[in-house]
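Subject: Structure handover

Hi,

Here is the structure I promised to pass on. Please open it alongside this note.

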Amino acid sequence: QQCLKLDPKYPSMLLTNYKPLSDIYVAYWRDGAGAFNNRDYKNAFADFKNVKTVNDYLYGLGLGMGSKMDTMAILNIGNAAYNMGQENPAMKDTAAIYYQQLADIKYKDEAFVYQVLLTQYRGKDETKYLATLNEAKELFPDNKDFASEEISYYNEKGDMTALITKLKDAIAKDPNNYSAILNLAITYDNMANPRNDSGQVADLPANHDELFGNAVDNYKKAISLKPDGYAANFNLGLMYYNTAAHLGKELGALGASKADQAKQDSLLKQQNTYLDEATPYLQKSYEILDAKPSLDPNEL
């Protein structure tokens, strides 16, 4: 930079003599990665910022060096800041600034970026929250976390009707909208099988059978559009399986009376039916995941 001040013609030399600058870029990458792997997030944050600084400087020279946006540097700056935020919560706000830069270009290599942004914006900036949620669902249609996040948001507002209406409107405009159909199925599934604060299945609603049927119909629509979609296959199989498990609890509570024995036969038939329904979808889910070279934590 000092050479440029002394001789404006210096950039022309960089076309043949820029290796020292690229060496600096590589050195900062190496140091940043080393610090991050050693959980020295403060120094990793500084090193990755320097990676971005060198890249931006090279690109700004207009000589075909560097890149307009070093997404990996920005991602790693955000990751270092996020990890620093475990001890200093203010750094999570800093991480959000860098993650937002990636969201602005619809970055689709890391769903985690959007998960952090949703956490940061929820309850603080509803406009940014909803915009980020919509973008996340569009970029990651098979990610159950974003569907669950939306359901949680509307549930917190006490307005599941609004969510269902929103999803149905989207499907009316585009009957092949896989994401909207899947999210509608998950919404009905969650309403049919509510859970308490400890994550256990709560009392079933009076209209459980109707909600359950709506969930099944929409899961099957999603599967017809995307047969190899993991989320729809797994959720449908799991819903059938959990229903069989719920019947198992009822069976366990029966006594030895003739009435209970008669009820047992009926419940056993229902349970076997649900298990038979669950099996092909869970088997398909296994095959989908087994074929992937790597799995994210939810898939694992």
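Below is what turned up on cavities and salt bridges.

First, a caution: this is a predicted model.

Cavity
The search of the whole structure gave one cavity of 30 Å³ or more. The lining consists of Lys137, Phe140, Pro141, Asn143, Phe146, Ala147, Ser179 and Asn183. Helix H9 (144-156) and helix H11 (178-192) are the elements that each give two or more residues to that lining. By class, the lining has four nonpolar, three polar and one charged residues.

Salt bridges
Side chains of opposite charge can pair when their charged atoms come close. Nine salt bridges were found across the whole structure.

Glu156 pairs with Arg122, with the closest N and O atoms 3.3 Å apart. This pair links distant parts of the chain: Glu156 sits in helix H9, and Arg122 in the loop between helix H7 (111-121) and helix H8 (126-139), 34 residues apart. Glu156 is exposed, at 60% relative accessible area. A network of salt bridges links Arg122, Glu149 and Glu156.

Lys157 and Glu126 also form a salt bridge, at 3.9 Å from N to O. Lys157 is in the loop between H9 and helix H10 (160-173) and Glu126 is in helix H8, so the bridge ties together parts 31 residues apart in sequence. Lys157 is partly exposed at 46% relative accessibility. Glu126 is partly exposed too, at 43%.

Arg30 bridges to Asp31, with the closest N and O atoms 3.8 Å apart. Arg30 counts as exposed at 53% relative accessibility, while Asp31 is partly exposed at 37%.

Best wishes

How values were computed
Residues are numbered from 1 along each chain as its sequence is written. This is a predicted model: local features need pLDDT of at least 70, side-chain atom pairs count only at pLDDT 80 or more; totals for chains, interfaces and linings use all residues. Side-chain values use heavy atoms; hydrogens and water are left out. On a 1 Å grid over the protein atoms alone, a cavity is a set of points where a 1.4 Å probe fits but cannot get out, and a pocket is an open set with protein on both sides within 12 Å along at least five of seven lines; lining residues have an atom within 4 Å of a point. Grid points are joined across faces, edges and corners, and a volume is the space filled by probe spheres set on the points. Helices (H or I, at least four residues) and strands (E, at least two) are DSSP runs, numbered from the N terminus. Ala, Val, Leu, Ile, Met, Phe, Trp, Tyr, Cys and Pro count as nonpolar, Asp, Glu, Lys and Arg as charged, and the others, Gly among them, as polar. A salt bridge is a side-chain nitrogen of Lys or Arg within 4 Å of a carboxyl oxygen of Asp or Glu. Buried means under 20% relative accessible area, exposed over 50%, partly exposed in between (1.4 Å probe, protein chains only).
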